[in-house]
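I opened this notebook to keep a record of what I looked up in one model, entry by entry. I start from the overall fold and then go down to single residues.

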Amino acid sequence: AGAKYISSKISDSASTLAYDAGALYKTGPLSFSLAAVNMGQGLKFIAVRDSLPFTLYLYRACRAYRSER
């Protein structure tokens, strides 16, 4: 999880906080992860609020072999 401060200036300025969060699940040779990026209210310029580009990532991985050490 993490937080970031975002600011922008065109003719007027705006700022907001955005959050990222993720989770990892492992089962045998498979791993799955989920990440949510840019969760927040968005930037408000004068009277218009522009949303942040919220993105949801889902990844999977498979361990091809297991080393014997």
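**Entry 1: overall fold**

I counted the secondary-structure elements and found that the protein has six strands and zero helices, where helices (H or I, at least four residues) and strands (E, at least two) are DSSP runs numbered from the N terminus. Read from the N terminus on, the order of the elements is β-β-β-β-β-β. I note that the radius of gyration of the protein is 18 Å, well over the 11 Å that the globule rule gives for 69 residues, so the protein is more spread out than a compact globule; this radius is taken over C-alpha atoms, and the rule is 2.2 Å times the number of residues to the power 0.38.

Before going on, I record that this is a predicted model, in which local features need pLDDT of at least 70 and side-chain atom pairs count only at pLDDT 80 or more, while totals for chains, interfaces and linings use all residues. Residues are numbered from 1 along each chain as its sequence is written, and side-chain values use heavy atoms, with hydrogens and water left out.

Along the principal axes, the C-alpha atoms fill a box of roughly 60 × 20 × 15 Å. Of the 69 residues in the protein, 14% are buried, where buried means under 20% relative accessible area, exposed means over 50%, and partly exposed lies in between (1.4 Å probe, protein chains only). Among contacts with a separation of 6 or more, 34% come from residues 24 or more positions apart, a contact being heavy atoms within 4.5 Å.

**Entry 2: surface and nonpolar patch**

Which residues make the nonpolar surface patch? I list Tyr5, Leu17, Tyr19, Leu34, Met39, Phe54, Leu56 and Leu58, which together give about 860 Å². The elements that give two or more residues to this patch are β2 (13-27), β3 (30-40) and β6 (55-62). Patches are made of residues with over 30% relative accessible area and no salt bridge, with like charges joined within 9 Å and nonpolar side chains (Val, Leu, Ile, Met, Phe, Trp, Tyr) within 5 Å. Tyr19, one of the patch residues, is found in strand β2 and counts as partly exposed at 42% relative accessibility.

I searched the whole structure for salt bridges and found one, using the cut-off of a side-chain nitrogen of Lys or Arg within 4 Å of a carboxyl oxygen of Asp or Glu. The side chains of Asp20 and Lys4 meet in it at 3.2 Å, N to O. Asp20 lies in strand β2 and Lys4 in strand β1 (residues 2-9), so the pair ties together parts that are 16 residues apart in sequence. Asp20 is partly exposed at a relative accessible area of 25%, and Lys4 is partly exposed at 28%.

Also in strand β2 is Thr16, which counts as buried at 10% relative accessibility. Leaving out residues up to four places away in sequence, Thr16 touches Lys4, Tyr5, Ile6, Gln41, Gly42, Leu43 and Leu52.

**Entry 3: β3 against β6**

How do β3 and β6 run? They are antiparallel and joined by eight bridges, and two strands pair if DSSP finds at least two bridges between them. The bridge partner of Ala35 in β6 is Tyr57. Of the eight residues of β6, the number buried is zero, so β6 lies largely in the open.

Tyr57 is partly exposed at 36% relative accessibility. Not counting residues up to four places away in sequence, Tyr57 touches Ser33, Leu34, Ala35 and Val37. Tyr57 and Ser33 are 24 residues apart in sequence, and their C-alpha atoms are 8.0 Å apart in space.

**Entry 4: positive phi values**

Most residues other than glycine have a negative phi. I therefore noted Asn38, a residue other than glycine whose phi is positive, near 65 degrees, and which is buried with a relative accessible area of 13%. Asn38 is found in strand β3.

Ile46 also has a positive phi, near 55 degrees. Ile46 is found in the loop between β4 (43-45) and β5 (48-50), and counts as exposed at 68% relative accessibility.

Note on methods
Accessible areas come from the Shrake-Rupley method with a 1.4 Å probe; for residues, only the protein chains shown count as cover.
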